[in-house]
Amino acid sequence: MQEPVVVTERLTKRYGHQVAVDAVSLTVRRGEIYGFLGPNGAGKTTTLRMLLGLVRPTRGRARVLGGRPGERSVLRRVGALVEDPGFYPYLSGRDNLRVLARYRRLPDTVADQALEQVDLGGRGRDRFRSYSLGMKQRLGVAAALLGEPDLLILDEPTNGLDPAGMADMRRLVRRLTDQGQTVLLSSHLLGEVQQICDRVGVIAAGRLLTESTVADLRGTRTLVVRAEPVARAGEVIEIGLGLPVRPFDGGGLQVDADPDRTPEVVRTLVTAGVDVHEVRPSERTLEEAFFAMTEDNGPEETT
Amino acid sequence: MIGSVRAELLRLTRWPVTWVVTGVWLALNVMFGYVFDLLGYRDAVSSGDRRLAAELLAQISPAGVPATMTQGLPLFGGALVLVLAAVSTGNGYGWNTWKTVFTQGPPRLAAFGGTMAALAVVLVGIVVLSLVVDLAASAVVMTAESQALTWPTIGELAEGVGGALLIAGMWAAAGAMLGIVAKGPALSAGLGLIWVLVVENLLRGVSGLLGALEPVTDYLPGTAAGSLAAAIGGVTGSESGGAPGVVTILTGPSAATLLTGYAVVFMLVAGFLMARRDA
């Protein structure tokens, strides 16, 4: 089996009494889009900064592409956008990328290629300070793409982008993984993560709450039943079929049952003289799963 | 480190601040080194003060270029390059560009070394430009005044260029260190300027009253810079046509050694902090 691209073992960062990241152990596999999900201030950025060698962990260890975070040979194969894109405001977007390309010992021409990839080719000669928030963000992603790195670490890459820009960014990220690159992206936008990520790690108050596929995180599917009289319907399903039932928005019922059992539920209700108006499968959104998890393990004082 | 140097050179040479500092320095140099001295010389001639006229003419003459070029550096020129260096390292924190640079792969010391090397190239450029401009200004003034042109020897020119680079380099290292210590441009440039322009002068003034302070003030960075300028022929601020900051406290070799020591210490502190601290 191939070695994971990123592995952390009880990675911890403490600032005085404040624990920013608390024993986070995560694994990013080759070729996947890994979503690092958590509310603002959960410790996402600090974790990413540790993976890039910008911040030293207080405890724990991390391996990135088989090496130590921040090691030259590792960073040469990593492209990163962490927090706000940091560029020289007086230089054009193109010159900013040329400066970074020189740091990477790459030819200046890679700057133009990267600009094209993020649709900034037409504005490449304008000064960075004249860019909109979305353009700055795209230039940040362009910088991360320099040298076609094996691993891209993108911290909130759709920050500041309009809906069209966000869709473009998602397409770009997918295209990169199609080319074999691995993407670790942090986000607080659940819809975004649900749409593009293969696996997610959920972090809150510095702790990694879970790590799984999006489907697993959303959990089992349920049935929503609207029937009259509703009390009788609940009894029939609970007693007759032995399935747990909960009230659902607007006078319906939520039944913990796989959608495969729909015919059986309908048959039982109709036989019992209940009028059935609607039976449909229902899936938890990632948002519901996320809130269920973070409410249980919500932010705490970490002092 | 070559990649880092090329990268830093690109961003420094395209930075308006670099050109503003260079332009201001050249303008100050010409104004204080030639325009005011020429006016003073003409006054001295018309008032019949032959001694002063001869002194000023010697300073304006091409042979005086090494001294003229160097004597502005201990104070004003030093302050300018200190600001340039402080904002070039300090802004890296304000703009978050150090973070971006560090994620590109260069070891932090290579990135720092690249910045210092690029700053050194800029300083060489400034000093060479000063030399050319000063020689041209001197030749123009002397010709206009119908005076014979006496050129400096190669040795004197080398001494002037070397001295100017050493003084400017020491102040640039101090500025770069302050930018990294303060993690920002404003505080570092402000503190550096107060030190160069005010604190050292005050300390030297106080040491006149408190003899115990003298061993300290005699070895301050500005004292070393001023002493080296004087050793190259710079005229002290108390004399006519002299420059503030030029002092005759240390010998040339002692001043040069001390300046080198300061520059090395400043760079070591800056490099250590950059390599060790979280970015």
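Over all chains of this predicted model, the count comes to 11 aromatic pairs, where rings of Phe, Tyr and Trp (its six-membered ring) pair if their centres lie within 6.5 Å, and planes under 30 degrees apart count as stacked, over 60 as edge-to-face and the rest as tilted. One of these is the edge-to-face pair of B:Phe32 and B:Phe36, with 5.2 Å centre to centre and 85° between the planes. Both residues lie in helix H2 (residues 16-47) of chain B, 4 residues apart, which is about one turn of the helix. B:Phe32 also pairs with B:Phe76, and because the centres are 6.4 Å apart and the planes at 15°, that pair is stacked. It links distant parts of the chain, since B:Phe76 belongs to helix H5 (residues 73-94) of chain B, 44 residues from B:Phe32. A:Tyr88, A:Tyr90, B:Trp15 and B:Trp95 form one aromatic cluster.

Turning to the interface, 29 residues of chain B are in contact (heavy atoms within 4.5 Å) with 31 residues of chain A. B:Arg14 forms a salt bridge with A:Asp95, the closest N and O atoms being 2.6 Å apart; the term requires a side-chain nitrogen of Lys or Arg within 4 Å of a carboxyl oxygen of Asp or Glu. On the side of chain B that touches chain A, H1(B) supplies the largest share, 7 residues, helices being DSSP runs (H or I) of at least four residues, numbered from the N terminus.

Residues are numbered from 1 along each chain as its sequence is written, and chains are lettered from A in the order in which they are written. Local features need pLDDT of at least 70, and side-chain atom pairs count only at pLDDT 80 or more, whereas totals for chains, interfaces and linings use all residues, and side-chain values use heavy atoms, without hydrogens and water.

Key
Helix = DSSP H or I, 4+ residues; strand = E, 2+ residues; numbered from the N terminus.
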